[in-house]
Amino acid sequence: MNMNFNFFMNDVVGTARNEAKEAGFNELTSPEEVETAFAEGGTTLVLVNSVCGCAGGIARPAAGYALHKSEQKPTHAVTVFAGQDKAATEKARSYFTGYPPSSPSFALLKDGKLVSMVERHEIEGSEPIEVVKKLQEAFQKHC
(Lines give C-alpha, C1' and ligand atoms only; values in the text may rest on other atoms or scores of the structure.)
Protein backbone atom coordinates (compact mmCIF):
# COMPACT_ATOMS: atom_id res chain seq x y z
CA MET A 1 0.00 0.00 0.00
CA ASN A 2 1.39 3.38 -1.00
CA MET A 3 0.28 6.26 1.21
CA ASN A 4 1.22 9.86 0.51
CA PHE A 5 2.47 11.14 3.89
CA ASN A 6 1.91 14.82 3.04
CA PHE A 7 -1.67 14.12 1.98
CA PHE A 8 -2.26 12.20 5.21
CA MET A 9 -0.75 14.96 7.39
CA ASN A 10 -2.71 17.69 5.61
CA ASP A 11 -5.87 15.76 6.39
CA VAL A 12 -4.93 15.33 10.06
CA VAL A 13 -3.93 18.99 10.41
CA GLY A 14 -7.09 20.15 8.64
CA THR A 15 -9.26 18.08 10.96
CA ALA A 16 -7.48 19.45 14.04
CA ARG A 17 -7.83 23.03 12.78
CA ASN A 18 -11.53 22.53 12.08
CA GLU A 19 -12.17 21.01 15.51
CA ALA A 20 -10.68 24.08 17.18
CA LYS A 21 -12.65 26.48 14.98
CA GLU A 22 -15.89 24.57 15.53
CA ALA A 23 -15.26 24.74 19.28
CA GLY A 24 -15.23 28.55 19.01
CA PHE A 25 -11.54 29.37 18.70
CA ASN A 26 -10.31 32.10 16.34
CA GLU A 27 -7.24 30.84 14.47
CA LEU A 28 -4.11 33.01 14.59
CA THR A 29 -1.57 32.26 11.88
CA SER A 30 0.92 35.14 12.13
CA PRO A 31 2.84 36.93 14.88
CA GLU A 32 0.94 40.11 14.04
CA GLU A 33 -2.40 38.38 14.59
CA VAL A 34 -1.14 37.09 17.94
CA GLU A 35 -0.04 40.55 19.06
CA THR A 36 -3.37 42.07 18.04
CA ALA A 37 -5.40 39.35 19.76
CA PHE A 38 -3.35 39.40 22.97
CA ALA A 39 -3.61 43.22 23.16
CA GLU A 40 -7.41 43.03 23.45
CA GLY A 41 -8.77 43.64 26.93
CA GLY A 42 -10.35 40.98 29.08
CA THR A 43 -9.42 37.34 29.28
CA THR A 44 -8.14 35.24 26.40
CA LEU A 45 -7.98 31.46 26.33
CA VAL A 46 -5.19 30.27 24.04
CA LEU A 47 -5.21 26.71 22.70
CA VAL A 48 -1.81 25.66 21.42
CA ASN A 49 -3.16 23.09 18.99
CA SER A 50 -1.26 19.96 18.01
CA VAL A 51 -1.58 16.87 15.85
CA CYS A 52 -0.55 14.74 18.82
CA GLY A 53 -3.32 12.16 18.77
CA CYS A 54 -3.57 11.26 22.43
CA ALA A 55 -3.31 14.71 24.01
CA GLY A 56 -4.76 16.67 21.08
CA GLY A 57 -7.74 14.34 20.94
CA ILE A 58 -8.46 15.25 24.56
CA ALA A 59 -7.58 18.96 24.46
CA ARG A 60 -9.80 20.09 21.59
CA PRO A 61 -13.06 18.47 22.77
CA ALA A 62 -12.37 19.53 26.37
CA ALA A 63 -11.83 23.11 25.26
CA GLY A 64 -15.05 23.20 23.29
CA TYR A 65 -17.03 21.73 26.15
CA ALA A 66 -15.52 24.15 28.67
CA LEU A 67 -16.25 27.15 26.45
CA HIS A 68 -19.85 26.18 25.79
CA LYS A 69 -20.84 24.77 29.20
CA SER A 70 -19.12 27.11 31.67
CA GLU A 71 -21.01 29.93 33.32
CA GLN A 72 -17.86 32.01 33.57
CA LYS A 73 -15.75 32.01 30.45
CA PRO A 74 -13.04 34.05 28.78
CA THR A 75 -13.81 37.08 26.68
CA HIS A 76 -11.82 35.65 23.76
CA ALA A 77 -10.74 32.19 22.57
CA VAL A 78 -7.86 31.87 20.11
CA THR A 79 -5.63 29.11 18.81
CA VAL A 80 -2.17 28.78 17.33
CA PHE A 81 -0.98 25.55 15.72
CA ALA A 82 2.34 24.15 16.92
CA GLY A 83 4.49 22.75 14.12
CA GLN A 84 2.32 24.39 11.46
CA ASP A 85 2.09 28.13 12.09
CA LYS A 86 5.53 28.28 13.67
CA ALA A 87 6.01 32.04 13.88
CA ALA A 88 2.56 32.60 15.40
CA THR A 89 3.14 29.80 17.91
CA GLU A 90 6.55 31.18 18.85
CA LYS A 91 5.06 34.63 19.38
CA ALA A 92 2.24 33.22 21.54
CA ARG A 93 4.70 31.20 23.60
CA SER A 94 6.74 34.34 24.28
CA TYR A 95 3.84 35.40 26.54
CA PHE A 96 3.92 32.14 28.52
CA THR A 97 6.86 33.11 30.70
CA GLY A 98 8.16 30.45 33.04
CA TYR A 99 6.77 27.57 30.96
CA PRO A 100 8.61 25.49 28.38
CA PRO A 101 7.01 24.89 24.97
CA SER A 102 4.16 22.41 25.35
CA SER A 103 1.58 21.23 22.85
CA PRO A 104 -1.20 20.86 23.10
CA SER A 105 -1.62 23.25 25.98
CA PHE A 106 -3.82 26.06 27.22
CA ALA A 107 -2.86 29.50 28.43
CA LEU A 108 -5.25 31.95 30.00
CA LEU A 109 -4.26 35.58 29.65
CA LYS A 110 -5.83 38.52 31.43
CA ASP A 111 -5.19 41.86 29.73
CA GLY A 112 -2.28 40.25 27.86
CA LYS A 113 -0.61 38.74 30.95
CA LEU A 114 -0.43 35.01 31.69
CA VAL A 115 -2.56 34.03 34.69
CA SER A 116 -2.98 30.26 34.21
CA MET A 117 -1.42 27.44 32.20
CA VAL A 118 -2.46 23.84 31.49
CA GLU A 119 0.47 21.98 30.00
CA ARG A 120 0.56 18.85 27.88
CA HIS A 121 1.56 16.65 30.85
CA GLU A 122 -1.69 17.76 32.53
CA ILE A 123 -3.72 16.77 29.45
CA GLU A 124 -2.08 13.59 28.18
CA GLY A 125 -3.52 10.51 29.85
CA SER A 126 -6.33 12.50 31.49
CA GLU A 127 -10.02 12.04 30.91
CA PRO A 128 -11.51 14.96 28.94
CA ILE A 129 -13.71 15.94 31.90
CA GLU A 130 -10.58 16.35 34.05
CA VAL A 131 -9.22 18.87 31.55
CA VAL A 132 -12.61 20.61 31.41
CA LYS A 133 -12.50 20.99 35.20
CA LYS A 134 -8.98 22.48 35.07
CA LEU A 135 -10.15 25.02 32.50
CA GLN A 136 -13.33 25.82 34.43
CA GLU A 137 -11.31 26.38 37.62
CA ALA A 138 -9.12 28.86 35.75
CA PHE A 139 -12.21 30.58 34.29
CA GLN A 140 -13.81 30.89 37.74
CA LYS A 141 -10.66 32.36 39.21
CA HIS A 142 -9.76 34.79 36.44
CA CYS A 143 -12.79 35.53 34.23
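In the hairpin of E4 and E5, two residues lie between the strands, and Asp111 adopts a positive phi near 50°. Helices (H or I, at least four residues) and strands (E, at least two) are DSSP runs, numbered from the N terminus. The model is predicted: local features need pLDDT of at least 70, side-chain atom pairs count only at pLDDT 80 or more, and totals for chains, interfaces and linings use all residues. Residues are numbered from 1 along each chain as its sequence is written, and side-chain values use heavy atoms, without hydrogens and water.

E4 (residues 105-110) pairs with E5 (residues 113-118) in the antiparallel sense, over five bridges. Pairing requires at least two DSSP bridges between two strands. Lys110 has Lys113 of E5 as its bridge partner.

The open sheet holds five strands in the order E1-E3-E2-E4-E5, with mixed pairing. E1 (26-27) and E5 are the edge strands, each pairing on one side only. E1 runs parallel to E3 (residues 76-81), joined by two bridges. Asn26 stands opposite Val78 in E3.

The largest nonpolar core has 23 residues. Such a core is a set of buried (under 20% relative accessible area, 1.4 Å probe, protein chains only) Ala, Val, Leu, Ile, Met, Phe, Trp, Tyr and Cys residues joined through side-chain atoms within 4.5 Å. Phe25, Leu45, Phe106, Ile123, Val131, Leu135 and Phe139 touch the most other members. E2 (43-49), H3 (53-69), E4 and H6 (128-142) each supply at least two residues of this core. H3 gives the most, with seven. A second, separate core of 15 residues includes Leu28, Ala37, Ala82 and Phe96.

Conventions
Buried means under 20% relative accessible area, exposed over 50%, partly exposed in between (1.4 Å probe, protein chains only).
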